[in-house]
Amino acid sequence: MTYLTSTDEHAVEIVNLKSLEALVKERMVAQGNRGAFGYLRGAAEDEWTLRENTESFNRKTIVPRVLRGIDSADLSTSIFGIPLKTPIIQAPVAAQGLAHMEGEVDTAKGMEKVGSLFSISTYGSTTVEEAAEAVNGAPQFFQLYMSKDDEFNQYLLNKAVKAGVKAIILTADSTLGGYREEDVVSKFQFPIPMKNLESYSVTDGVGKGIFEIFGAAKQGLVLDDIQKIKNWTNLPVLVKGIQSPIDALEAITAGADGIWVSNHGGRQLDGGPASFDVLPAIAAVVKKRVPIVFDSGVRRGEHVFKALASGADLVAIGRPIIWGLNLGGADGVASVVEHLNHELSITMQLAGAKDIESVKTTELL
Ligand code: FNR
């Protein structure tokens, strides 16, 4: 049966990011896609870490500075020499065709519109080539779920290099899927293909659950895999899913060009700390040697500010961008980032930080 989902293409009026989830749930359930919505929203076990991810931002406060002559906020920044109009980027999310018929093509266009960065997942519903062609040379990264089969890894990475991606994200926290009860209850199976797998693998994912998909991934990931990927691609490699300062140090020693602090939005290990709670200790050992990307639980401009003030260089957004995609396609994705930019600009001006560098030196209490 053909899977049908949103075809909307328009800007979305947003009061706050939190309210988008309920709107999307109503629409997806009405289209008969309750299981797909559950996959997109869900997290592991009791979803304690999911809740902690957002609540943890309330345990720190921003100490505002005044009388600093700041009449506007400059959000521009960069990573690996790539200029960005905002520190808010998109986190790699699998199977975006569940949320919108155009899938990752629209997300890529939306991120291009706001002058930011798009990353395509190994398990995307469009190919790395299609996502790259959708935007005229706008920067994109490729997220790798490493396979047990090195020939397949090289095949995938070759495709990514040829498509012109600027970096590889090695996701290290998902050697198997977390226990997500919503998927268990709905017996969720992917109704659409994972196109990057299609031309090589024995399965394109259709009719498979997350445990079967991750079954083909390399469970025994090791530090040496970082250098392997660098040798294959000659591109910078970011390691995603870092929560421990020791892992951050070891990854840098093993050649990592960037550290991506994340707990996968609470979808993997429930009972782990909020991602924001581990960020300062990781930033303290990284000592600005490589850039730090942060994600998990970010829903407010204030959260973006606090993450930057705690050592992050860029802040990535997962689910809310998918809600924007469902509600309005590429324009909906752009609306989500524009709204967060708006909140961040207000926070910056009220906190007395004129640019991203000043945000990074703002005191948190
Ligand atoms: C993800 N995430 C993810 N990460 C990754 O490296 N590769 C992937 O394919 C996916 N797929 C994926 C699917 C869905 C539906 C979600 C919600 C998330 C994790 C993602 O990159 C990011 O770490 C979290 O989404 C960040 O948390 P928030 O912003 O959703 O709270």
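Let me start with the shell around the ligand: by class it has eight nonpolar, nine polar and five charged residues. Here Ala, Val, Leu, Ile, Met, Phe, Trp, Tyr, Cys and Pro count as nonpolar, Asp, Glu, Lys and Arg as charged, and the others, Gly among them, as polar. This is a predicted model, where local features need pLDDT of at least 70, side-chain atom pairs count only at pLDDT 80 or more, and totals for chains, interfaces and linings use all residues. Residues are numbered from 1 along each chain as its sequence is written, and side-chain values use heavy atoms, with hydrogens and water left out.

In total, 22 residues surround the ligand, each with a heavy atom within 4 Å of it. Pro92, Ser121, Thr171, Asp295 and Arg299 are the closest.

Now the polar contacts, meaning pairs of N or O atoms within 3.5 Å. A polar side-chain atom of Lys240 is 2.9 Å from a ligand oxygen atom. For Gly318, a backbone N or O atom lies 2.9 Å from an oxygen atom of the ligand. A ligand nitrogen atom is 3.0 Å from a polar backbone atom of Ala94.

How much of the ligand does the protein bury? Taken alone, the ligand exposes 600 Å², and the protein buries 99% of that, by the Shrake-Rupley method with a 1.4 Å probe.

Last, the second largest cavity. A cavity is a set of points, on a 1 Å grid over the protein atoms alone, where a 1.4 Å probe fits but cannot get out; lining residues have an atom within 4 Å of a point. The lining of the second largest cavity includes Tyr145, Met146 and Lys218.

Notes. A polar contact is a pair of N or O atoms within 3.5 Å; within protein, one must be able to donate a hydrogen and the other to accept it, and residues adjacent in sequence count only if both atoms are side-chain atoms. On a 1 Å grid over the protein atoms alone, a cavity is a set of points where a 1.4 Å probe fits but cannot get out, and a pocket is an open set with protein on both sides within 12 Å along at least five of seven lines; lining residues have an atom within 4 Å of a point.
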